Amino acid sequence: MRHYLASEGCYSASTVGLAPARRGEPGYWHKLDGDKDGISCELWTPDGRRAKR
């Protein structure tokens, strides 16, 4: 169920605890992988760098 809720967008994926998600994991949707690197709903810094978790 959470996987399908994540399809609504990155806010929804974060809310249900599935963001960021790697390809093959629950919560990964290719439409939410903007740079097509296999990670959806990545966090980015204001200057355009990927944020570290």
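Is G38 buried or exposed? In this predicted model, for which local features need pLDDT of at least 70, side-chain atom pairs count only at pLDDT 80 or more, and totals for chains, interfaces and linings use all residues, G38 has a relative accessibility of 6% and therefore counts as buried (under 20% relative accessible area; exposed is over 50% and partly exposed lies in between, with a 1.4 Å probe and protein chains only). Residues are numbered from 1 along each chain as its sequence is written, and side-chain values use heavy atoms, with hydrogens and water left out.

G38 is located in the loop between β1 (21-22) and β2; helices (H or I, at least four residues) and strands (E, at least two) are DSSP runs, numbered from the N terminus. Apart from neighbours within four places in sequence, G38 is in contact with A21, R22, R23, Y28 and D33, contact being heavy atoms within 4.5 Å. Between the C-alpha atoms of G38 and T15, which are 23 residues apart in sequence, the separation is 20 Å.

One disulfide is counted under the criterion of a pair of cysteine sulfur atoms within 2.5 Å. C10 and C41 form this bond, with their sulfur atoms 2.2 Å apart. The pair, 31 residues apart, links distant parts of the chain, C10 in helix α2 and C41 in the segment after β2 (39-40). The S-S torsion of C10 and C41 is about -90°, so the disulfide is left-handed. C10 is partly exposed at 32% relative accessible area, whereas C41 is buried at 6%.

E8 is placed in the loop between α1 (2-6) and α2 (10-15), and counts as exposed at 65% relative accessibility.
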